[in-house]
Amino acid sequence: MAPVLGFLCFFLAGAAEARAGGRGTVLPLRVQEVAAPAANRLRFRHNVSLTVQAAVGTPPQNATMVLDTGSELSWLLCSGKGSRPASAPPFNASASSTYGAVPCWSPECRLRGRDLPVAPSCDAPPSSSCRVSLSYTDASSADGLLAADTFLLGGAPPVRALFGCITSYSPTTGNGNSTNSSEAATGLLGMNRGSLSFVTQTGTRRFAYCIAPGDGPGLLVLGGDGAATAAPPLNYTPLIEISRPLPYFDRVAYSVQLEGIRVGRALLPIPKSVLTPDHTGAGQTMLDSGTQFTFLLADAYAALRGEFLNQTRALLAPLGEPGFVFQGAFDACFRAPEARVAAASRLLPEVGLVLRGAEVAVAGEKLLYRVPGERRGAGGGEAVWCLTFGSSDMAGMSAYVIGHHHQQNVWVEYDLQNGRVGFAPARCDLATTQLLGAGA
């Protein structure tokens with residue numbers, strides 16, 4: 001449970017829409033193994049993230065940022081105490097002539113932090129800095145100052161932004177599945193709808209991404225009018241809004257209505273009430289680019305697990321180890337040589353997440369994940385594979401979460417102006433070449 005974070009945040013309303021005309025700002029987006037802090041108060045995280053590049057401060061310092069539609073406050077690991085990945089150099093705030101800590105009495109500190117799970121606080125005298133504290137469900141925590149500095153993203157002009165300058169970080173204990181990376185990220189790009197998110201600060205009304213599978217580059221488009229980016233025809237689903245505060249409903253998340261789940265042609269017999277938020281807000285369905293896989297609440301997960309096992313009996317051999325649970329949430333696992341799974345993946349039943357007006361379809365290799373370091377059989381000839389749908393309850397969540405692994409080769413557009421999210425199958429490697437060129 002060791003994700004790494006990339007970071008970034010801005011402060012110029014409307015800048016994302018204006019700075020690159022109708023086409024928007026287009027950046028490379030990569031799927032990257034990273035090894036750093038967990039960065040989401042609601043999500044179970046993994047060690048594969050979507051990263052983009054930015055330059056921060058004056059003179060600019062390079063930063064690798066994790067793109068996270070499930071988080072609000074963007075932050076950067078700054079010089080200070082605590083643990084951090086050795087390969088992730090911290091941001092040196094004292095070396096930036098444009099850096100400034102936000103004072104405690106300012107509106108940015110007193111009002112803008114209203115959507116954060118823990119409100120900003122004041123440093124003890126004689127300091128007057130605004131302090132932010134973040135804690136996560138994996139027991140990691142981060143602490144630092146609310147600050148502002150300039151950011152360069154792609155070819156856009158520099159903009160000034162509020163962000164968390166994290167000076168103290170306490171990681172969770174490792175689970176044995178983390179992966180070191182020579183390009184570990186140094187912060188997080190918060191993209192939800194909260195007051196301090198990148199989207200809100202820049203006044204961005206539309207953004208889109210297309211995630212290429214494997215090591216190939218995808219792309220992130222900020223702003224623009226959609227048509228100018230040659231996006232494919234999209235099927236839209238409305239964003240769900242709940243006006244009153246509920247204890248388990250994240251009002252600044254990208255929430256959609258899950259209406260059903262199918263395995264092949266079989267629509268699972270899941271009551272609508274199971275897929276709808278209850279009176280506490282538990283049971284919402286969120287799109288989260290900061291989470292790797294997809295998580296379902298108990299009844300829906302049990303139905304999917306049972307039907308998938310039933311339909312794949314002739315293709316996949318169950319692992320047969322009841323106590324084996326990958327990363328605490330994945331217990332539908334199998335054993336087979338890589339070549340056999342490669343051949344079987346073309347025959348596996350497609351899993352469809354049926355939304356209101358759209359569908360996220362998961363097929364082939366995206367259905368199974370090879371567990372690192374786990375071998376079975378004579379001479380270790382068999383790998384261990386798990387279904388890439390996990391149990392929200394086992395992960396300590398009260399929501400359905402659609403992660404970025406199941407958004408590969410899908411053009412996903414967040415149309416905030418019209419309150420909707422669009423989906424369309426796409427060849428993301430070709431789209432990246434078309435918009436960024438062959439050297440992306």
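This is a predicted model: local features need pLDDT of at least 70, side-chain atom pairs count only at pLDDT 80 or more; totals for chains, interfaces and linings use all residues.
## Salt bridges

The structure holds 15 salt bridges. One of them joins the side chains of Arg206 and Glu413, with an N to O distance of 3.6 Å. Arg206 belongs to strand β12, and Glu413 to strand β28 (residues 410-415). The two are 207 residues apart, and the pair links distant parts of the chain. Both Arg206 and Glu413 are buried. The pair is also part of a network of salt bridges that links Arg206, Glu413, Asp415 and Arg420.

Another salt bridge joins Arg356 and Glu259, at 3.2 Å from N to O. Arg356 lies in the loop between β22 (351-355) and β23, while Glu259 is in strand β16 (residues 258-263), so the contact ties together parts 97 residues apart in sequence. Arg356 counts as partly exposed, because its relative accessibility is 38%. Glu259 has 30% and therefore counts as partly exposed.

Arg375 and Glu338 also meet through their side chains, in a salt bridge of 2.6 Å, N to O. This one runs from strand β24 to helix α5 (residues 338-344): Arg375 lies in the strand and Glu338 in the helix, so parts 37 residues apart in sequence are tied together. Relative accessibility is 35% for Arg375, which therefore counts as partly exposed. Glu338, at 31%, counts as partly exposed.

## A buried lysine without a partner

Side chains of opposite charge can pair when their charged atoms come close. Where does that leave Lys366, and which side chain of opposite charge is nearest? Lys366 is buried yet has no salt bridge. The nearest side chain of opposite charge is Glu350, 8.0 Å away. A salt bridge needs a nitrogen and a carboxyl oxygen within 4 Å.

Lys366 is found in the loop between β23 (358-362) and β24 (368-376). Beyond its neighbours within four places in sequence, Lys366 is in contact with Ala361, Thr388, His405, His406 and Gln408.

## Aromatic pairs

The structure holds 14 aromatic pairs. In one of them, the ring centres of Phe207 and Tyr254 are 6.2 Å apart and the planes stand at 70°, so the pair is edge-to-face. Phe207 is in strand β12 (residues 206-210). Tyr254 is in the loop between β14 (235-238) and β15 (255-256). The two are 47 residues apart, and the pair links distant parts of the chain. Phe207 counts as buried because its relative accessibility is 0%. Tyr254 is at 0% too, and therefore counts as buried.

Ring pairs also build a cluster from Phe293, Phe295, Phe326, Phe330 and Tyr369. A ring meets a charge at Tyr236: the charged end of Arg420 sits over the ring, 3.6 Å from its centre. Arg420 is also a member of the salt-bridge network with Arg206, Glu413 and Asp415.

## Strand pairing

Strands of a sheet pair through backbone hydrogen bonds, either parallel or antiparallel. An open sheet of 4 strands has the order β17-β16-β22-β23, with antiparallel pairing. β17 (266-267) and β23 are the edge strands; each has a single partner strand, so one side of each is left without a neighbour in the sheet. Antiparallel β16 and β17 are joined by 2 bridges. Arg262 has Leu267 in β17 as its bridge partner.

Parallel pairing occurs between strand β4 (residues 61-68) and β11, over 4 bridges. Here Leu67 has Leu189 in β11 as its bridge partner. Which way do the residues of strand β11 (residues 187-190) point? Gly187 and Leu189 point one way, and Leu188 and Gly190 the other way. All are buried.

## Around Ala55

Ala55 is found in strand β3 (residues 48-56). Its relative accessibility is 12%, so Ala55 counts as buried. Ala55 and Thr150 are 95 residues apart in sequence, yet their C-alpha atoms are 8.4 Å apart in space.

Not counting residues up to four places away in sequence, Ala55 touches Pro60, Gln61, Asn62, Thr150, Phe151 and Leu152.

Definitions and conventions: Residues are numbered from 1 along each chain as its sequence is written. Side-chain values use heavy atoms; hydrogens and water are left out. Buried means under 20% relative accessible area, exposed over 50%, partly exposed in between (1.4 Å probe, protein chains only). Lys and Arg count as positive and Asp and Glu as negative; His and the chain ends are not counted. Contact means heavy atoms within 4.5 Å. Rings of Phe, Tyr and Trp (its six-membered ring) pair if their centres lie within 6.5 Å; planes under 30 degrees apart count as stacked, over 60 as edge-to-face and the rest as tilted. A charge sits over a ring if NZ of Lys or CZ of Arg is within 6 Å of the ring centre and within 35 degrees of the ring normal. Two strands pair if DSSP finds at least two bridges between them.
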